[in-house]
Amino acid sequence: MKAYWFDNKEGDQREDHDSGRSVDAEYLSKLGVLYRHCSCIDGVDIIASERSYKNRDEIIVSPEKMGSAYEDKVKMFFNEHLHEDEEIRYILDGEGFFDVRSIEDKWVRMRLEKGDLIILPAGIYHRFTTDSKNYIKAMRLFKDEPKWTPLNRAPELDSVPARQEYVSRA
């Protein structure tokens, strides 16, 4: 995993957009973002057990797998949003970017690759995109039944309990 401040320059969202200013794991932790490198599934199983995650599935985001829906899906994932539950992703293959909002409302970009596991807290604004190779395979972990409900950024989300709890901790 490589984390840095997003450069905010125009261009394809799938490019690096590396400002040259790195962000360390301690800063990510202050945002509530946890990172682990798991060279095998055993490490993922331990984290899932510790956090009471019972279900998982796998998703492949690529033009080959998604066909004509790929571009629309990638744009949808890149819309700034939050979730009412924490989000755990383990990268099985390929590479992609998760961007999260800092306390100052700036973007921090994290490049994830095979073996990287990221935990985003409930209520944090974030977005996702593949890199320029247009391929990533990830495991998604869930406490209960699999669900992925994005709440796109809007002023009324400030009153959502998950957002209020996140802001009070950050």
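The side chain of His-17 reaches the backbone oxygen of Lys-9 at 3.4 Å. A second polar contact, of 2.8 Å, links the side chains of His-17 and Asp-7. By polar contact I mean a pair of N or O atoms within 3.5 Å; within protein, one must be able to donate a hydrogen and the other to accept it, and residues adjacent in sequence count only if both atoms are side-chain atoms.

A word on the source: this is a predicted model, where local features need pLDDT of at least 70 and side-chain atom pairs count only at pLDDT 80 or more, while totals for chains, interfaces and linings use all residues. Residues are numbered from 1 along each chain as its sequence is written, and side-chain values use heavy atoms, with hydrogens and water left out.

His-17 sits in the loop between E1 and E2; helices (H or I, at least four residues) and strands (E, at least two) are DSSP runs, numbered from the N terminus. Is His-17 buried or exposed? Its relative accessibility is 8%, so it counts as buried, the terms being buried under 20% relative accessible area, exposed over 50%, and partly exposed in between, with a 1.4 Å probe and protein chains only. Leaving aside neighbours within four places in sequence, the contacts of His-17 (heavy atoms within 4.5 Å) include Tyr-4, Trp-5, Gly-11 and Arg-109.

Gly-11 belongs to that loop between strand E1 (2-6) and strand E2 (18-22), but Gly-11 is exposed, with a relative accessible area of 54%.

Next, helix H4, residues 70-78. Its buried residues are Tyr-70, Val-74, Phe-77 and Phe-78. Seen down the axis of H4, they fall within an arc of 100°, so they line one face of the helix; the arc is that of the directions from the helix axis to the C-beta atoms. Asp-72 and Lys-75, on the other side of H4, are exposed. The cover over the buried residues includes helix H3 (63-66), strand E6 (87-101) and strand E9 (126-130).

Last, the cores. A nonpolar core is a set of buried Ala, Val, Leu, Ile, Met, Phe, Trp, Tyr and Cys residues joined through side-chain atoms within 4.5 Å. The largest has 26 residues, and those with the most contacts inside it are Val-33, Val-61, Val-100, Met-110 and Leu-120. Among the elements that each supply at least two residues of this core are E1, H4 and E7. Apart from it lies another core of 11 residues, including Tyr-53 and Leu-141.
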